[in-house]
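Open the model in your viewer and keep the selection tool at hand. Each stop below tells you what to select and what is there.

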Amino acid sequence: MRVIEELRATARSGRAGDRMPSVRDLMARHKASPATVQQAIQRVAAEGLVEVRPGRGSFVAARNARATGQDLSWQSVALGEGRPGEDLVANLVAVPRPEVIQLSSGYLDPDLQPAEALGAALTRAARRPASWGRVPVEGKEELRAWFAKEAGGDLRAGDMTVCAGAQEALATVFRGLGQRGDTVLVESPTYLGAIAAARDAGLKVVPVPADEDGVRPDLLQAAFTHTGAKLFYCQPLHANPHGGVLSDERRPEVMRIVATAGAFLVEDDWARGFTIDGTAPPTLASQDTDGHVVHVRSLTKIAAPGLRVAAIGARGPAGRRLRTTRSRQDLYVAGPLQEAAIDFVTSPAWRRHLRTLHQALRHRRDALRTALATHLPEFTVAPTSGGLHLWVKLPDGLDDVELTTAAAARDVVVFPGRPWFAAEPPGNFLRLTYGGAPEHALVEGVRRLSDITR
């Protein structure tokens with residue numbers, strides 16, 4: 001209660017935009033736990049006094065109804081039930097303060113992004129008058145052809161639809177191939193943005209446990225039998241967050257189960273190009289003969305956040321349905337951006353970027369692993385041969401949400417494991433990213449986590 005009272009008093013006496021006391025200061029002043037402080041901040045934010053900006057802190061909100069004469073309380077009734085997961089996805093892409101150590105990021109560290117090559121490609125694209133004209137809903141043919149070639153198998157340019165990033169692509173797939181009330185099966189744990197997109201489309205999300213070898217076929221079969229689902233969302237390569245790769249032994253069994261169920265397998269190939277150890281297996285789309293696999297691939301993660309270009313690959317009526325669904329959203333991706341993407345991925349700069357990136361990510365992953373083994377040996381790190389993240393199981397008695405809050409008080413951003421599960425998690429986990437910060441920052445972030453857990 002004392003924390004809430006201080007926050008209210010500070011907010012009422014401050015000016016809009018002023019920074020509120022940090023979690024660390026409030027914990028020290030009131031001898032309160034991270035969870036208590038976080039709940040107090042959320043309570044005062046719900047009252048409209050404080051604005052929480054993920055990764056940056058809390059600030060005095062703009063004057064509420066009593067100060068401005070406005071009454072916005074009617075919006076709570078009009079808006080109705082909240083949409084689960086929206087705030088979590090926003091937290092994933094929030095831009096932290098410069099001094100914060102980023103151990104959770106959905107994007108590459110700026111030092112690893114090919115900004116110069118992308119800038120040159122965009123400049124060339126912008127100078128071509130044709131770039132500014134109308135673009136087909138499905139996207140420019142040369143770009144679609146590149147995505148189709150990368151996916152392999154029987155996919156062709158005509159089967160591809162260009163989207164503004166993977167999140168929009170997933171939203172298109174769930175809206176286009178599902179009806180409200182339908183069930184979609186997902187690996188557990190899985191990408192929380194996919195969970196949010198499926199629920200936003202009105203689908204019921206049912207988890208199927210996965211391990212380092214991918215989804216468990218026996219449980220996938222049981223889930224199809226029990227639910228009658230026609231959609232299965234899968235990350236067969238370096239799954240986010242746990243890093244697993246669908247094994248060679250399981251791949252044909254998973255494909256057989258999906259085909260027998262008469263279902264679609266949504267292959268989120270987000271980590272293509274992020275394999276650090278060994279060789280990446282081919283896409284599931286390349287092994288699909290009857291149009292069960294819907295392939296999703298994005299350039300955003302592998303290049304830069306501003307390159308919002310992705311593609312969906314689907315054959316037959318499903319492909320036509322998805323193009324129609326896509327056209328209802330925002331017509332098409334801007335021509336100059338598509339032209340820049342074509343220029344970049346068909347130039348020598350693309351291969352140079354991949355070679356440099358692989359080496360840098362290997363060093364950073366190994367540095368983060370070593371730091372965890374040195375400072376936090378009680379944490380269990382799942383094996384991974386690529387991707388951007390380490391999936392860490394916390395020891396008994398250590399809560400992931402409380403640790404996340406305490407880490408924020410030490411200017412370290414981590415992401416709790418709980419939201420990556422569509423149902424109850426089997427334990428407490430953290431997703432730690434090695435692709436979003438330099439090696440020295442990764443090591444310092446782990447050292448601060450160690451100080452917190454003592």
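This is a predicted model: local features need pLDDT of at least 70, side-chain atom pairs count only at pLDDT 80 or more; totals for chains, interfaces and linings use all residues.

Residues are numbered from 1 along each chain as its sequence is written, and side-chain values use heavy atoms, with hydrogens and water left out.

Select Leu220, Phe224, Phe232, Phe274, Leu299, Leu361 and Leu372: these have the most contacts inside the largest nonpolar core, which has 81 residues. A nonpolar core is a set of buried (under 20% relative accessible area, 1.4 Å probe, protein chains only) Ala, Val, Leu, Ile, Met, Phe, Trp, Tyr and Cys residues joined through side-chain atoms within 4.5 Å. Next select helix 15 (residues 348-375), which gives the most to this core, with 9 residues. Helices here are DSSP runs of H or I, at least four residues, and strands are runs of E, at least two, numbered from the N terminus.

A second, separate core has 32 residues, including Leu170, Leu177, Leu203 and Phe421.

Now show the open sheet of 8 strands, in the order 4-11-10-9-8-5-6-7, with mixed pairing. Two strands pair if DSSP finds at least two bridges between them. At the edges are strand 4 (160-163) and strand 7 (214-215), each pairing on one side only. Strand 10 (residues 293-298) runs antiparallel to strand 11 (residues 310-313), joined by 4 bridges. Select His295 to find Gly313 of strand 11 opposite.

Last, select Leu155, Ala285, Asp288, Gly291, Val293, Ala314 and Arg315, which line the largest cavity. A cavity is a set of points, on a 1 Å grid over the protein atoms alone, where a 1.4 Å probe fits but cannot get out; lining residues have an atom within 4 Å of a point.

How values were computed
Buried means under 20% relative accessible area, exposed over 50%, partly exposed in between (1.4 Å probe, protein chains only). On a 1 Å grid over the protein atoms alone, a cavity is a set of points where a 1.4 Å probe fits but cannot get out, and a pocket is an open set with protein on both sides within 12 Å along at least five of seven lines; lining residues have an atom within 4 Å of a point.
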